[in-house]
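Here is a short report on one structure. Look over the sequence and the model first, then read on.

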Amino acid sequence: MEGGPALRRFNCIILGAAGRDFHDFQTFFRTHPEFRVCCFTAEQIPFIERRSFPRELAGESYDADIPIHAETALPDLIERYEADFVFLAYSDLAHEEVMHKASIAQAAGASFALLGPRHTQLRSKHPVIAVTAVRTGAGKSPLAQAIAFHLVAEKHRIGILRHPMPYGDLRRQEVQRFATFEDLERHECTVEEREEYEPYVERGLVIYAGVDYAAILAAAEAESDVILWDGGNNDFSFIEAGLHFVVLDALRPGDELDHYPGETNFRSADVLVINKVGAAEPASIERLRQHAAHHNPRARIIEADLVIEVDAPELVKGRRVLVVEDGPTLTHGGMSFGAGTLAARRLGARELLDPRPHATGSIAEAFRQYPHLGAVLPALGYSASQRRELAATIRATAPEAVVDASPARLDRILDLDQPLVRVRYHFEQTAGPQIEDLVDAFLESGSSPRSSQATRKST
């Protein structure tokens with residue numbers, strides 16, 4: 001109305017880690033100009049605070065790039081920008097840690113907020129299946145890959161969307177399509193990106209990621225009839241799903257109730273998949289079932305395991321080996337070992353070498369930042385210099401063989417002298433309703449098993 005009061009603008013800071021933060025900006029803040037984003041912060045991933053969010057991707061309300069700062073500067077940033085709100089927009093945080101961040105914001109005078117699915121999820125014109133988890137490293141990607149392979153066998157055209165990992169030039173990463181190994185090189189993918197994309201590319205499948213998920217979804221929809229969301233960390237899906245699988249880690253019972261936003265996934269799942277049952281105590285599996293019965297009684301329960309495959313076991317037995325594991329699983333995922341360690345022990349390695357005395361540069365800093373790590377090397381490679389430091393650490397440790405449990409295929413990106421033994425793992429269901437049947441029934445009926453159960457109960 002002409003002559004009415006001016007729009008009240010709230011200065012905002014978004015706490016992020018180069019993923020959900022950019023998505024929340026695109027889906028909520030661009031359409032709510034009363035919330036003015038003054039800056040982003042960055043955490044978990046090295047080097048990403050050295051950039052800015054491009055003005056071209058920010059919308060016409062912004063006439064300059066939006067700066068990105070290290071999260072450690074939050075109190076000063078709240079004062080500098082006179083921030084009214086601090087929005088948390090990244091994942092895999094203990095609930096206690098979330099409240100510490102809230103307290104830091106409030107102590108500096110700002111309000112603290114979290115955006116949920118209603119304000120951030122996109123809707124597809126195709127059926128959507130989402131695979132998420134309660135913690136990083138629970139095994140969601142092997143499940144997502146198993147579902148993808150089933151859909152292909154059933155002659156579906158699938159659009160696979162991966163939780164974002166735009167760690168480079170954001171202007172060039174608005175929409176990314178990976179169909180070949182050359183695409184990985186062209187987009188200058190980090191080791192973490194390769195860990196997620198290569199298993200699909202190896203099987204001839206196309207996977208999408210990037211910054212603008214409305215444009216990414218549209219691109220995937222143009223060549224598919226089913227959308228599959230392969231989640232990152234323990235974040236909830238960017239796309240509203242009709243069938244939602246959530247992976248629980250039987251080696252870490254209780255994490256489903258004390259980590260954010262994994263508990264969101266746990267409570268909203270259609271199907272709960274208790275994974276790694278072969279290595280878990282029966283009491284841990286029962287504890288997860290009890291939590292599910294109490295907090296999400298409508299969800300279907302499945303038990304599963306990760307089957308480990310080694311391509312050259314003779315290079316491990318009786319030898320001094322260095323184990324390299326999936327990076328995020330070990331770092332902010334909180335695991336002290338992974339599939340590579342299990343494989344090396346089962347195959348009778350004479351010694352699992354400790355890389356910590358030989359770590360250099362940012363690799364040594366990672367060991368200081370994550371003191372729970374032991375005689376295992378996280379596959380960190382977020383920059384060319386860090387990849388060189390990773391290779392230097394391996395050479396200095398001087399193993400007789402490298403046990404590579406990183407899906408990124410280190411032999412493709414590092415120049416190593418030592419023989420490399422590749423460890424892979426695939427999803428195998430052990431109990432509960434067959435996942436393939438649940439997927440097929442959803443695509444035939446358009447409703448999830450959870451909503452179907454609720455309908456049966458109401459009638």
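## Cysteines

C39 is buried, and its relative accessible area is 0%. The model is predicted. C12 is buried too, with a relative accessible area of 0%.

How many disulfides are there? The count comes to zero. A disulfide is a covalent bond between the sulfur atoms of two cysteines. The sulfur of C12 has its closest cysteine sulfur in C38, 7.0 Å away, which is too far for a bond. C39 is in no disulfide either. The nearest cysteine sulfur to C39 is that of C38, at 6.6 Å.

## The sheet

Six strands make up an open sheet. Their order is β3-β4-β2-β1-β5-β7, and the pairing is mixed. Which strands lie at the edges? They are β3 (52-53) and β7 (111-114), and each of them pairs on one side only.

Strand β2 covers residues 35-42, and strand β4 covers residues 66-70. The two run parallel and are joined by three bridges. A42 stands opposite A70 in β4.

## Helices on the sheet

Helix α1 (residues 20-27) packs on the sheet. It touches β1 (10-16), β2, β3 and β4. The direction of α1 makes about 170° with that of β2.

Helix α4 (residues 95-107) also packs on the sheet. Its contacts are with β1, β5 (85-88) and β7. The direction of α4 makes about 145° with that of β7.

## Helix α8

Helix α8 spans residues 191-202.

Is α8 mostly covered or mostly open? It is mostly covered, with 11 of its 12 residues buried. Among the buried residues are V191, E192, R194, Y197, P199 and V201. G204 follows α8, and the phi of G204 is positive, near 80°.

## N265

N265 sits in helix α11 (residues 262-268). Is N265 buried or exposed? N265 is buried, because its relative accessible area is 0%.

Which residues does N265 touch, leaving out those up to four places away in sequence? They are T132, A133, N234, D235, F236, H244 and V246. The side chain of N265 reaches the backbone oxygen of D235 at 3.3 Å. R388 is 123 residues from N265 in sequence, and their C-alpha atoms are 37 Å apart in space.

How values were computed: Residues are numbered from 1 along each chain as its sequence is written. This is a predicted model: local features need pLDDT of at least 70, side-chain atom pairs count only at pLDDT 80 or more; totals for chains, interfaces and linings use all residues. Side-chain values use heavy atoms; hydrogens and water are left out. Helices (H or I, at least four residues) and strands (E, at least two) are DSSP runs, numbered from the N terminus. The expected span of a helix is 1.5 Å times one less than its number of residues. Buried means under 20% relative accessible area, exposed over 50%, partly exposed in between (1.4 Å probe, protein chains only). Two strands pair if DSSP finds at least two bridges between them. Contact means heavy atoms within 4.5 Å. Axes are lines fitted to C-alpha atoms, for helices over the stretch in contact, and angles run from 0 to 180 degrees between N-to-C directions. A disulfide is a pair of cysteine sulfur atoms within 2.5 Å. A polar contact is a pair of N or O atoms within 3.5 Å; within protein, one must be able to donate a hydrogen and the other to accept it, and residues adjacent in sequence count only if both atoms are side-chain atoms.
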